Amino acid sequence: MPRRSWILWAAAVLTAAAPTLYFLVASILTGGGETVEGFVTAVSSECPGWAIYDRVYFPAYSVIGFPLLATDGAPLVVLGFAGWWLSVRKGRLRLGGIIGRSVAVVLLVRYLPEFLLPTLDAALGPACRQQWGPPGLFDSLVGWGLYDSLPPLLILLAVRAPRRGFVRRGPVARTAAAVLTVAAVVLLPTASAAAGRVSTARELGCAGYGDGTVTGLTTAERLFLCAVRGHGLPTDPSYGSGVEEWDEVTDEVVLAQGRHLCALATRHGGDIDARAVQEAPEASLAVKLASLCPAVAGARQAEEDRQQAESDAYVAGKEKVCAALPRHRPEIRPVRQRRATMWTEFWTIDGWEDGYEGSAPDLVRNLVGSDRGALAIWAADEVGHACVTVESYTRRPPVETRGWEEVVEVAYESPTGSLELVDGYGQRLTGLTTRGPGSYRVRVHLRGRELVTQVPDPPDGAVRILVEVFPGRAKKTVVYK
């Protein structure tokens, strides 16, 4: 077994596996994925490279996605090397050569078109050149096509029988060399952007901006173009940001892109996270596809409905636990007593009056704080819920400390007499003040803080809060417990 063959086989394996290893390491170091993006559009009868790519490449995706062809064909290269090594070891050199050449042919058929077809269209003019995308994406596609063609060429060299003298190559080898040379020359000129309209946000009437003077587009097409260029609706998951490198791509090509990706997503039930969609060269458009593609919009709505139903069931379960807890039995009768399960994502539930929303008072003993027209009460270890009871009085109720871990009373000045507690879901407990504007005292009772801060998964209803609001002119904060 010649040393040269071993070196070439090793180089083929490393060349095939290197991109995947690089992106894997980059993903681990950065905490996210890095994607090499391409660009695909619909078939144009004047662009033969596109016609072949679209009619052959995408229908054959189930074959292309075969595990042996994953990671740029590295598993197939390793399998071919094993077959060649076993054949050579048993003295069957011819069989080893057949195995190696078969592997090389499969890889060339898989990857060489990604270089040759866009090169062919680039030679036919700017219009066909732009069908493959903006310059950066076109160069990336061609570059990776060339790179992925290296492993099979190394394999062919590895299994080639050594020759003692110069041998004139056959017509196939000479033709292949000529095609590669001509293709390289064709790539040297820089093709300018294809002629076509790139409509502005005003011309498209994006988000009500402008007069929408562009004609011949459906509402869905307008919305898609707006979203791709960063002028989508607030319901867009990536609202306010466009798709990089598409700003100067013509309307016609962008729409053709979307339709092509829509067809691919539709075959997978509208799931833009399907492997076939994510590995498609134009996958960067997937996040904006819902406005153009009914299947994607339907799948997104179904997922939103599922998540909402799951959230509603979760909330209902917590509310059921709070509702089942015994009611507080006050020593004197309040004007109003109300109970609710209240939620927060920022430690506290807040109380506001009209015109004083947004104020965030400092907490006393990390439990309750007040400003004029604003109240804040600790309710969770950052994110969570509490079982809250609010009682409103016309006079000071007796102090209760038994059964509570913390009890703190603060002064509160009501400018409008409309204090209400509001949680993170928008639920409100109203009518806390009984005598309109004026001076009040707010006494907050708490139990369960230690449990939720020390136990990773505390039981439902662990935090219980009793809030008593009554008239009072005293300004001093009192810590009862």
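## Briefing on a predicted model

Strands here are DSSP runs of E with at least two residues, and helices are DSSP runs of H or I with at least four residues, both numbered from the N terminus. This is a predicted model, in which local features need pLDDT of at least 70 and side-chain atom pairs count only at pLDDT 80 or more, while totals for chains, interfaces and linings use all residues. Residues are numbered from 1 along each chain as its sequence is written, and side-chain values use heavy atoms, with hydrogens and water left out.

**Overall**

- The protein chain has 16 helices and eleven strands.
- Of its 481 residues, 43% are buried; buried means under 20% relative accessible area, exposed over 50%, and partly exposed in between (1.4 Å probe, protein chains only).
- Among contacts (heavy atoms within 4.5 Å) with a separation of 6 or more, 72% are between residues 24 or more positions apart.

- Six strands form an open sheet in the order 1-5-10-9-6-11, with mixed pairing; two strands pair if DSSP finds at least two bridges between them.
- Strand 1 and strand 11 (478-479) are the edge strands, each pairing on one side only.
- Strand 5 pairs with strand 1 (residues 336-344) in the antiparallel sense over nine bridges, and Trp 343 stands opposite His 385 in strand 5.
- Strand 5 and strand 10 (residues 464-471) run parallel and are joined by six bridges.
- Nine of the nine residues of strand 5 (residues 384-392) are buried, so this strand is largely enclosed by the rest of the structure.
- In a regular strand the side chains alternate between the two faces of the sheet.
- From strand 5, Gly 384, Ala 386, Val 388, Val 390 and Ser 392 point one way, and His 385, Cys 387, Thr 389 and Glu 391 point the other way.
- Helix 15 (residues 294-324) lies across strand 1 and strand 5, running at about 145° to strand 1.

**Nonpolar cores**

- A nonpolar core is a set of buried Ala, Val, Leu, Ile, Met, Phe, Trp, Tyr and Cys residues joined through side-chain atoms within 4.5 Å.
- The largest has 30 residues, of which Phe 224, Leu 261, Val 277 and Leu 289 touch the most other members.
- Two or more residues each come from helix 11 (201-204), helix 12 (219-228), helix 13 (251-266) and helix 14 (275-278), and helix 13 gives the most, with seven residues.
- Beyond its neighbours within four places in sequence, Leu 289 is in contact with Phe 224, Gly 258, Leu 261, Cys 262, Ala 265 and Val 296.
- Another core, of 29 residues, lies apart from the largest one and includes Leu 367, Ile 377, Trp 378 and Val 469.

**Helix 5 and helix 9**

- The axes of helix 5 (residues 93-111) and helix 9 (residues 150-159) come within 8 Å and cross at roughly 165°; axes are lines fitted to C-alpha atoms, for helices over the stretch in contact, and angles run from 0 to 180 degrees between N-to-C directions.
- The two helices, helix 5 and helix 9, are therefore roughly antiparallel to each other, a term for angles over 145 degrees, with under 35 counted as roughly parallel, 65 to 115 as roughly perpendicular and the rest as oblique.
- Residues making the contact include Gly 96, Gly 97 and Gly 100 of helix 5 and Pro 152 and Ile 155 of helix 9.

**His 268**

- His 268 is in the loop between helix 13 and helix 14 and is partly exposed, with a relative accessible area of 35%.
- Not counting residues up to four places away in sequence, His 268 touches Ala 274 and Ala 276.
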